[in-house]
Amino acid sequence: MLAKSAGQRRSTQRNAWLRKRNRAFHVTIRDVDCRGFDVQRFVDDLVSMHVSMFSFFVGGYVTTYPTVLRYQRVSPYLDGRDLTGEIIAAAHAAGIKVLGMIDLGQIPEEAARDHPDWCSQDEEGRPVVRVPGLYAACPMGGFQRTYVREIVAEILGRYDLDCVKFGGGSFGFSRSVCHCPNCRESFRDETGHALPLRQDWSDPVWRTYTAWRLDHARHRVEELGGIVHDIDPEMPFMGNSVCFGDPEWTVGASLDVESQAAVADAVQVEVQSRARYDEATGEAPWQYLSWPAETARFMTSISDTPIWVVASYFLAWPWRRSAMAPVEQKVYLAQIAANGADPMVNLSGGPPAVHEDPRGFAPIRDLFGYLSENQAYYEGDTSGANVAVVYSMETLFFYGQEQPEKRYVREIRGIEQALHEAHIPFDIISTRVLTDEVLSRYGVLVLPNVACLVEAEADAIRRFAERGGGIVVTHATSLYDAQGIQRESMLLGDLMGVSYTGETRSSMVSPEAGYKQTYMSIVEHHPILEGIVGTHVMPMGGDVCVVEAEDGTRVPLELSAPFIVFPEGFAYPRPPSDAGLARTQGGQASLGPADVTQTGDGTPVAVVRECPGGGRTVYFAGTVGSLFWTVRYPDHGRLIANAVRWAAREALPVIVKGPATLQVSLRSQLATSEHTKRYLVHLINLTGGERFFRELVPLRDVVVGLSRGADSIIGERVQRAYLLSDLAHLPVDVDDSGWWVTIPRIVDYDVLVFEMG
């Protein structure tokens, strides 16, 4: 499917465990935890929670062994104890794999004093202080590029680790511009420019600087892997990163997790936050409840490298001693396993035996026990989805610019949420894997405002449609190049049957009159409007690319003329030519008696097309995904899901009849001696009321159908169906559309297995 990972190229019996599905903890050992650390109790607790591997702080700014290296900071509570050696020995005796964590993001004070060029520096050349006694390391400095070799050599020379892991700060940049000598000289030598002083996306040098940082962050990962493999060729290495789900970190640190996956033996990706409490504003915005599923779907779709998705045990942010609400913890972590990745729990606040809030361990023990008991149903599984949502790193950075979450990520997540609520399984793939081979897996591609697209990527999408594939596109997709420079026309405009007029405008605000509301006007019936009945309008918001629909297309939705909210007596549309405005002597706009009501202004909002090769396309001129993500108005989600169903010609592999809060993932396994294939429908009940969840409301009589209409299932039949929770056979009803099972009750997480014959 994709380029083989470094781990697959070096596959040996010693590191074959990497290819197995695992259940993991990452334990942040703080200085104070070293005092009286009960190693055997710690390992026994991990065994009781069915943990198969864990990582812990070994070297870097917290060193848990008696190092002889000058610039490693040893915990003051270690008192000469070899805690690293004790933990590794006890874990291996229990059959648990051990990963040694090295965090190079912070430099101890002595190293910063002796080598200020190892530190990130401000515009005045002063080393950047993280906390008293620790300084920010620069990826271009000698601590991360050369001294790290001494650290790795000492650790691997002493200990029988199963993997070396580097923290995200070990190769990512600080959010501000680093003015250290290494950055200044390297940037000038490679680009001919002086470092920019501040973020300014109108400045071409800032775009160049952004690309330069991305390149060097990638190189640092490659160098770290090279150091590990020079010392021990069979030792796996991995880094810690984040996907587009946390754009502040991804863009701020210039992290490219896709490139990491291409060179590392495994990748750890964080989904830590649930809510971020901001004392200054008094607000605590929630992170996406389905962030674990999003990350697992993306990473397992773009890489064959083992993916470990790490979620916090604690309530983030900032309280790291309080456990996450236990009722929410299990369904949060279950999403990772349900989508092909390995769940890892990030534990801070001491080992389980002495943790001040142990309430969160019970749901972890419950889930990990379920995964361990049913491990055979997770090994070698692959996605069974035939819908792919396409993501572009270039769009995140160069189109998202200073507002990547608002300008881009919301559009992706609105699409995701609509598909979740419609129970349509999907993958998330990258523009970097848009090849004929990869796209042959899918029946529909969804491009949520993939603004930055290059010709080769557009050609692959066009060939996909010519082979009969369905395309759903929103807003400015393909209107910009890889550096975020706007084109005159959309690369995919001909495929969608639209011509960009050169204008992108707000759908809600008129410069002349400050109009505050507008709508999508339904101008003709079409299947993308299925179930949206009894109305002629839907709420509209956000920017709209003004396009003209070409011959051979249909336009079921147009933009209405905008109009004011108050006073309500004047709240109706007016002609766009003059908006019914008259000027008073004071120069203020007033509403004259000649105002005429009209429903639309003729601007297409949705354009649908049947392609000559059998494919179908849907183009939404606005940011309908972002609108649904922000407002959650049901019609918007229904519109998105309908567009995908129509583009797929209703050929979706699984049909689920249940509440919108039931998350569904479809996986498959190849033949064994007993059957030709298994289809595994992972069912996660997110019916928990307001977050934090107080309780999970059990779902009853959920109907799941395996469709005969999906190409991958035609010609097969269901031998039997059962839930992994009890293995009891469920009655299977058969009709022309597929095989149907009714599940009496779903509490939190279960897997419905269809065994084919």
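Q: How many bridges join β12 to strand β27, and how do the two run?
A: Strands of a sheet pair through backbone hydrogen bonds, either parallel or antiparallel. Here two bridges join β12 to β27 (residues 662-669), and these strands run antiparallel. Threonine 382 is the residue opposite serine 668 in β27. Two strands count as paired if DSSP finds at least two bridges between them. Strands are DSSP runs of E with at least two residues, numbered from the N terminus. The model is predicted: local features need pLDDT of at least 70 and side-chain atom pairs count only at pLDDT 80 or more, while totals for chains, interfaces and linings use all residues. Residues are numbered from 1 along each chain as its sequence is written, and side-chain values use heavy atoms, without hydrogens and water.

Q: Which sheet holds these strands, and which are its edge strands?
A: The open sheet has five strands in the order β12-β27-β28-β33-β30, with antiparallel pairing. Its edge strands, β12 (382-383) and β30 (718-723), each pair on one side only.

Q: Which residues lie on each face of β25, and are they buried or exposed?
A: In a regular strand the side chains alternate between the two faces of the sheet. In β25, Arg616, Val618 and Phe620 lie on one side, Thr617 and Tyr619 on the other, and all are buried. Buried means under 20% relative accessible area, exposed over 50%, and partly exposed in between (1.4 Å probe, protein chains only).

Q: Which strands are joined to β25?
A: Strand β16 (residues 470-474) is joined to β25 by four bridges and runs parallel; valine 473 has tyrosine 619 as its bridge partner. Strand β24 (residues 604-610) is joined to β25 by five bridges and runs antiparallel.
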